[in-house]
Amino acid sequence: MFDFGSLMAQAQQIAAPAIKQMEAQAKREKRNEKGKFATRGAQADAAYDAKSENTIKADVRMFSGCCDHQTSADVGNVASFGLPPVSAAEKAGGACTNALLSTLKQNNNDMTFGQLCTSAQQLLKQRKYTQIPQLCSSHQMNLNDEKFSVWNPNRNGRSKALLIGINYPGQQGELSGCVNDVSMMARYLQEQGYDTDPSRMRILVDEGNFGHGQPNGADIMQGFQWLVDDAQPGDSLFVHYSGHGGQIPDDDGDEEDGKDECLIPQDYRSAGMIRDDDVFKMIVAPLPKDCRLTCVFDCCHSGTILDLPYMFTADEEGCAMIQSGEATQLDANPGFNFDVAIQQITQAAQGLFAGNPQMLGLLNKVDGSGGVGNLLKGFM
């Protein structure tokens, strides 16, 4: 008797590898159209890379806890990630912070950026978290070659860190692990040799008996200003934010999705939220060439909160491409706008040269063609 079902099962088994390969190729082509992976031609790469180098002088790297459209999660007990709690009363933490620190601890802090991204994502997936970390950068890098470090490779020995943890006690949407995140990150930075003197490490938290201020809008903005004041080539700077993040209507037309990502300070009801454009202006635009800034934003909707020109999304397919060597570089951020970045850097420079009419006159003549980097090269 002819067994049609058995025949179909055999056919499906034979065809399955080819179908899987075709589906994977279709996904890659779809992603390529969106600019998610490093598939631009060599000529385009060179032009884009040169323009990025000329626009943003500092070396900025940012880990975010999730994509722009996603929400981030709390961890009930950091011990589940292999990390000791800072105190018995404060066991919780952010999933992104814990995944990064746990991964670095397990590998003795000796990992490439690609290994760190893929391992952190695997750990989150094992713990049943659906959020997808992202890595963004001001400059191109080889994910499988460059080792992760919080230190500038050309370091001058100076470090500076701003750590912000907001639990919002007594408010709607109260969190439980953000202050603990900051404690763990401070301990990690100290282990890496960062200076913990208050003049070099500023901590803003809304619970606990430590810290140097409240994570309200004014103190956060002042902290950003403090971080970049007197920034020099060779400096190693670090920002960690653990708290709520959000999205609000774009107010200047620079976001393709019509939304600005934002940080939500402790007093957001009265002080408002801190837009991604303002974060870029305050901690990226003023930095000089050969200054390294590393950021970790463990909050919702944080994927591209610094609006940097390069990105890598550590989803399942992206991680597989890194591990196989099919993709080794960061991708162009399809939402990055060079003209907007140049405008923001010019505005930051106008503040820097507020007392110099001649320099202000030169800056005002910049036409948005990418000349800001050249104009400021001698000063940065």
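Start by selecting Asp59 and Arg292: both are buried (under 20% relative accessible area; exposed means over 50%, and partly exposed is in between, with a 1.4 Å probe and protein chains only). This is a predicted model, where local features need pLDDT of at least 70, side-chain atom pairs count only at pLDDT 80 or more, and totals for chains, interfaces and linings use all residues. Residues are numbered from 1 along each chain as its sequence is written, and side-chain values use heavy atoms, leaving out hydrogens and water.

Now zoom in on that pair. Asp59 and Arg292 form a salt bridge, with their closest N and O atoms 2.8 Å apart (a side-chain nitrogen of Lys or Arg within 4 Å of a carboxyl oxygen of Asp or Glu). Asp59 sits in strand E1 and Arg292 in strand E11, 233 residues apart (helices, H or I, of at least four residues and strands, E, of at least two are DSSP runs, numbered from the N terminus).

Next, pick Lys125 and Glu316, another salt bridge, at 3.5 Å between the closest N and O atoms. Lys125 is in helix H4 and Glu316 in helix H9, so this pair ties together parts 191 residues apart in sequence. Both Lys125 and Glu316 are exposed. While you're on salt bridges, select Asp59, Arg61, Glu146 and Arg292 together: shared partners join them into one network.

Last stop: backbone angles. Most residues other than glycine have a negative phi. Asn109, though, has a positive phi near 60°; look for Asn109 in the loop between helices H3 and H4. Then hop to Asp290, with a positive phi near 70°, in the loop between helix H8 and strand E11.
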